[in-house]
Amino acid sequence: MILGGNTPDPAKVATTSKTTGKLAAPVSINGVSFDGSTSITISAEDTATPRIASSEKGAANGVAPLGSDSKIAATYLPAYVDDVVEFANLAAFPGTGSSGVIYVALDTGKIYRWSGTAYVEISPSPGSTDSVTEGSTNLYFTAARALAAAAAETVATIGELISGATAKATPVDADSFGVSDSAAGGVLKKTTWSNIKATLKTYFDTLYPAETAATIKAALGISTLSGSNTGDQTSVSGNAGTATKLATARAINGVNFDGSADINFTYAPAATVGPNSYATGISQGSIVNDASWPAAYGSILTCKGSTYAFQVFYPQSSSASPQFRLLASGTTWTAWISPIGGATTTSATAGTASALPALPAGYLTINIGGSNFKIPYYN
């Protein structure tokens, strides 16, 4: 009821009032109609401004939160994403672990797995086979077992090794040779080429002493005369008291000698001469232009006992190898054999012979042309 005055226009009152219990026309707040007559609630699922409820952070079927480093913590990741996790110690491990995850205790360096009820240490490598018990099938390697399993060397296998080795035509002082030591029951030992040469030289020096003026004069039947001649002489008769050369060279064993240089007394036997034609003992000779020997030129050494004999032929040419042949008994030599490379002939006529003893009585070291050879001999 209006007392006094004019009656207001209702339309104007509705549009100009400043305070009221309800808006004349509702307004929209985040898509929700509001006229002031009642309170409203803005839903978290408001399509205009999407939001996530804080109760869903880190919850099952919710969302994984980001840490201060803007990364998802390993706690919220499945095992296959981070299979190895580290903690300060065993006590810091999660109360309930995950299968398929390796847990590392940093204080001890030990590693564990989750068994479903507890953490179980994963056994490390023992670090040495000394800590592993030997099985019944896969046995440990030992030197004794290896030697027992290896096949023993025989004369045949050793011969194959020598035959298959690379040949060396000229040995040097440091080269080694196998020796069956007769003084030690045939035990295998070694000696060097230098030792062989020294032994041969010592031996042959006792057989063939160096020539001197006295021995040469004695061999030539020359005597020393007293007195002297001075001035130019057109003719001299008799023998000079001192001289360096003979006026007329003389042949000694077919080798001319005039006193100006040393010579060696040698002989040149034919290769076909039978062993019985040689005197018992050691004899030496030269081969000159005789094709019946392994080479037309060279030196020959014959060592003959009461039953056995052998010859060593050393060729004059440095490109050829020394060779030797043996006679066990009878009158037929074996084929020539080279100490380096094997036999030089493919066949030989067999003669009457008996087997050699199992071990030689000893070895003879021979120096021929500056090279040493070790040759067995038998009694």
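**Figure 1. Asn61 and Ser70 in the loop between strand 2 and strand 3 of the predicted model.** Asn61 is exposed, with a relative accessible area of 85%; exposed means over 50%, buried under 20% and partly exposed in between (1.4 Å probe, protein chains only). Asn61 is found in the loop that runs between strand 2 (32-34) and strand 3 (84-87). Its phi is near 65°, a positive value in a residue other than glycine. Ser70 is placed in the loop between strand 2 and strand 3, and its phi is also near 65°, positive in a non-glycine residue. Ser70 has a relative accessible area of 56% and counts as exposed. Helices (H or I, at least four residues) and strands (E, at least two) are DSSP runs, numbered from the N terminus. Residues are numbered from 1 along each chain as its sequence is written. The model is predicted: local features need pLDDT of at least 70, side-chain atom pairs count only at pLDDT 80 or more, and totals for chains, interfaces and linings use all residues, while side-chain values use heavy atoms, with hydrogens and water left out.

**Figure 2. The largest nonpolar core of the predicted model.** Eleven residues make up this core: Trp193, Ile196, Leu200, Phe204, Leu301, Cys303, Phe310, Val312, Leu364, Ile366 and Ile375. At least two residues come from each of helix 4 (193-207), strand 12, strand 13 (309-315) and strand 17 (362-368). Helix 4 gives the most, with four residues. A nonpolar core is a set of buried Ala, Val, Leu, Ile, Met, Phe, Trp, Tyr and Cys residues joined through side-chain atoms within 4.5 Å. In soluble globular proteins, nonpolar side chains tend to be buried together.

**Figure 3. Ile300 and the second core.** A separate core of nine residues includes Trp293, Ile300, Leu327 and Trp336. Ile300 is in strand 12 (residues 298-304) and counts as buried because its relative accessibility is 1%. Between the C-alpha atoms of Ile300 and Ser286 the distance is 5.9 Å, with 14 residues separating the two in sequence.

**Figure 4. Stacked aromatic pairs.** A search of the whole structure finds 13 aromatic pairs. Rings of Phe, Tyr and Trp (its six-membered ring) pair if their centres lie within 6.5 Å; planes under 30 degrees apart count as stacked, over 60 as edge-to-face and the rest as tilted. Phe204 and Tyr208 are stacked, at 6.1 Å centre to centre and 15° between the planes. Phe204 is buried, with a relative accessible area of 11%, whereas Tyr208 is partly exposed at 35%. Trp293 and Phe313 form another stacked pair, 6.0 Å centre to centre with 15° between the planes. Trp293 lies in the loop between strand 11 (281-287) and strand 12 and Phe313 lies in strand 13, so this pair ties together parts that are 20 residues apart in sequence. Both Trp293 and Phe313 are buried.

**Figure 5. A cluster of aromatic rings.** Phe87, Phe93, Tyr103, Tyr112, Trp114 and Tyr119 are linked into a cluster by ring pairs.
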